[in-house]
Amino acid sequence: MTQKLTGEARRQKLRRMVLLDSLVVLVLGILLWSNLALVWVTTTPIIDSTKYPMLREFVIIAGLVEGIIITAGLVALYMHLSKNRERLYVDIVGEES
Amino acid sequence: MAEEKVELHKVLRPFHVWALGVGIVLVGEFMGWNFTVAKGGPIASILACWIIGILYITLVLVCTEMGSAMPKAGGPYEWTKQVVGPLAAWIVGVAIVLEYIMLEAADSLVIGAIMEDISGGSSIFFCWVLLTVAVLSFLNYRGVYLALTTNFIITFIAFVTIFIIFFATKPLTEGTLLDMSLPVRSEDGYDVTLPYGWIGILAALQYGLWYYLGIEGATMAAEECRVPARAVPLGTIAGMLTLLVAATVTWFVCTHLVDWMTLGSSAYPLYDAARATGLLPIMAALFIGTVLSCLASANGCINDASRSWFSMARVGFVNEWWAAVHPKYKTPYRAVLLTMPLAIAFGFSGLLDQVIAFSIASALVCYSIVAVTMILFRRRWPIGSINREYISPWHPLPALLLLILTFLAMTAFYFGYAINFVAALIFYIVCAMYYLLYSRKRVRRHGEIFAFDFPVPADKPYIKDRRPWKKGGE
């Protein structure tokens with residue numbers, strides 16, 4: 001059910017909602033970078049670079065590109081949530097009276 | 001039963017969108033992805049995981065922008081209809097319906113096979129296929145909120161089981177259960193870094209799609225969301241991140257626990273990895289995770305296939321009788337019921353790899369058109385010309401990367417399933433001819449091709465005049 005909030009209470013609730021949503025994706029983003037790092041740290045040192053030149057670099061670059069693009073998507077998501085919070089959380093905080 | 005054409009229920013929140021996207025795909029972490037190891041070895045497998053991961057990240061960014069700007073049940077079909085035109089939309093719509101129905105059939109097949117394995121009998125296989133499809137179809141018939149809340153619970157449990165095995169192996173301690181050299185050296189001591197050379201990486205890409213196949217379906221819940229502009233970007237991007245994390249953890253655990261030859265031919269790689277730990281609770285958890293992921297996937301597939309069919313029926317691409325909404329549950333119940341006999345028919349075929357191959361081919365056809373749609377969307381309606389909500393970063397890079405990687409995946413897929421791929425392309429050419437010769441007249445008669453009242457496209461000011469059915473609808 002929609003809560004009726006006004007003034008400062010409403011603004012604080014909106015800020016909290018944006019932070020909460022951002023926190024969820026931030027945690028997932030940190031998990032992703034941790035996983036990428038785990039694979040780089042454990043796997044790339046055991047690849048024989050004399051036998052497979054550039055393979056180690058290829059593994060690192062593939063992970064980096066993946067991580068960078070999704071991080072850019074996350075930043076765009078945060079900006080979208082933050083900029084449009086008045087409209088996006090209307091089902092939770094209700095219309096400004 | 002009396003029915004009326006009304007709007008779908010707007011009840012979904014971001015976690016439902018997450019559950020729809022991740023639920024459909026998570027089964028790919030429990031089975032299928034491991035054939036990348038057979039094709040190119042463990043290192044080629046992680047490269048396939050990350051390269052195909054880039055394909056799907058770009059797809060998600062593109063779909064999120066168009067999905068939040070055009071929140072309609074058909075998803076990619078609706079965007080293509082609005083931006084490119086009805087012929088491309090018809091192909092995308094059919095591709096989506098078949099992609100998800102085939103996936104649903106494959107999920108029910110796997111559940112049948114698991115239950116048959118457990119019981120040791122052969123007669124119950126078809127009963128389980130039938131039961132799975134029937135129960136999940138009823139759930140979707142009964143209401144989208146119930147179906148996707150159930151999906152959220154079972155998807156979350158399945159996701160957690162992947163982390164249970166990860167932490168059970170004690171990956172960061174000295175007493176780890178993992179053999180850290182296994183990704184480059186087999187149990188016999190042979191070098192397996194790239195057993196088939198660099199070409200193995202390309203070969204692995206075709207199965208790399210299993211890690212993420214179907215995530216774009218998350219955006220198809222847009223019309224049923226309370227606030228699509230929040231639920232679609234948040235749910236879809238969080239879903240993609242979840243899958244990237246799950247895929248990397250799955251690869252890490254499996255390749256460090258199981259020898260590549262065993263892993264490459266395994267039917268249930270995560271369950272086999274659990275067996276390698278020798279810990280009974282872990283085996284039980286991963287068995288439950290495998291079954292739940294199949295159920296979640298089939299459940300999400302029914303949702304997406306029915307929404308796409310429902311959307312096509314709304315404007316006359318297929319008979320409008322299918323576009324009915326249930327008066328009480330507000331679901332497209334006829335479209336939901338349509339998926340049932342189709343999924344059962346494909347499920348009873350027992351041809352798991354053929355069913356999956358057609359699903360993948362359909363998905364790749366869809367992705368290539370979606371990439372072009374995104375480029376045209378930004379060209380025809382530049383930023384500022386319409387309210388587009390989430391704005392994808394670095395355009396046109398994601399759309400171009402999506403197009404390039406889709407063609408790379410098609411090439412890899414062709415090497416593995418040439419006949420299936422050519423057959424699928426011929427099927428979609430026949431579909432296009434069906435539209436041009438028959439369905440087009442009905443769509444024109446319907447007269448409401450555009451779902452959104454966008455301004456005249458910036459690059460084609462004459463485009464409205466070229467479409468007489470739009471004039472008829474005005």
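Predicted model: local features only at pLDDT ≥ 70, side-chain atom pairs only at ≥ 80, totals over all residues.

Let me start with helix 15 of chain B, residues 352-380, and helix 16 of chain B, residues 397-416, which pack at an angle of about 160 degrees with their axes 9 Å apart. An angle over 145 degrees counts as roughly antiparallel, so that is how helix 15 and helix 16 of chain B stand to each other. Helix 15 of chain B passes helix 16 of chain B in a left-handed crossing.

The peptide bond that joins His395(B) to Pro396(B) is cis, with omega at about 10 degrees.

Helix 15 of chain B has another partner to look at. Helix 6 of chain B, residues 86-119, packs with helix 15 of chain B at an angle of about 150 degrees, the axes being 8 Å apart. Helix 6 and helix 15 of chain B are therefore roughly antiparallel to each other. Their crossing is left-handed. On the helix 6 side of this contact in chain B, the residues include Ala88(B), Ile91(B), Val92(B), Glu99(B), Met102(B) and Leu109(B). On the helix 15 side, among them are Leu352(B), Val355(B), Phe358(B), Ser359(B), Ser362(B), Cys366(B) and Ile369(B). The contact of helix 6 with helix 15 of chain B divides by class into 19 nonpolar, two polar and one charged.

Now chain B as a whole. How many helices and strands does chain B have? It has 18 helices and zero strands. The radius of gyration of chain B is 22 Å, close to the 23 Å that the globule rule gives for 474 residues, so chain B is as compact as a globular protein of that length. Along the principal axes, the C-alpha atoms of chain B fill a box of roughly 70 × 45 × 40 Å.

On confidence, the mean pLDDT of chain B is 90, and 95% of its residues reach 70 or more. Over residues 465-474 of chain B, the pLDDT is below 50, and this stretch has 11 contacts in the model beyond near neighbours in sequence.

Next is chain A, with four helices and zero strands. Is chain A spread out or compact? Its radius of gyration is 21 Å, well over the 13 Å that the globule rule gives for 97 residues, so chain A is more spread out than a compact globule. The box filled by the C-alpha atoms of chain A, taken along the principal axes, is roughly 70 × 20 × 20 Å.

Within chain A, the axes of helix 1, residues 7-43, and helix 2, residues 55-83, come within 11 Å and cross at roughly 175 degrees. Helix 1 and helix 2 of chain A are therefore roughly antiparallel to each other. Helix 1 of chain A makes the contact with residues including Val18(A), Asp21(A), Gly29(A), Trp33(A) and Trp40(A). Helix 2 of chain A uses, among them, Val59(A), Gly63(A), Gly67(A), Leu74(A) and Tyr78(A). The residues of this contact in chain A divide into 14 nonpolar, seven polar and one charged.

The loop between helix 1 and helix 2 of chain A holds Met54(A). Phi of Met54(A) is near 75 degrees, a positive value in a residue other than glycine.

Last, the two chains together. 38 residues of chain A are in contact with 38 residues of chain B. On the chain A side, the elements that give two or more residues are helix 1, helix 2, helix 3 (85-88) and helix 4 (90-93). Which of them gives the most? That is helix 2 of chain A, with 16 residues. The side of chain A that touches chain B has 25 nonpolar, eight polar and five charged residues. For the complex, the predictor gives an ipTM of 0.94 and a pTM of 0.93.

Key:
Residues numbered from 1 in each chain as written. Chains lettered and ligands numbered in written order. pLDDT = per-residue confidence, 0-100. Contact = placed C-beta atoms within 7 Å. Axes fitted to C-alpha atoms, helices over the stretch in contact; angles between N-to-C directions. Parallel < 35°, antiparallel > 145°, perpendicular 65-115°, else oblique. Nonpolar A, V, L, I, M, F, W, Y, C, P; charged D, E, K, R; others polar. Left-handed = near helix turned anticlockwise from the far one by under 90°. Rg over C-alpha atoms; globule rule 2.2 N^0.38 Å.
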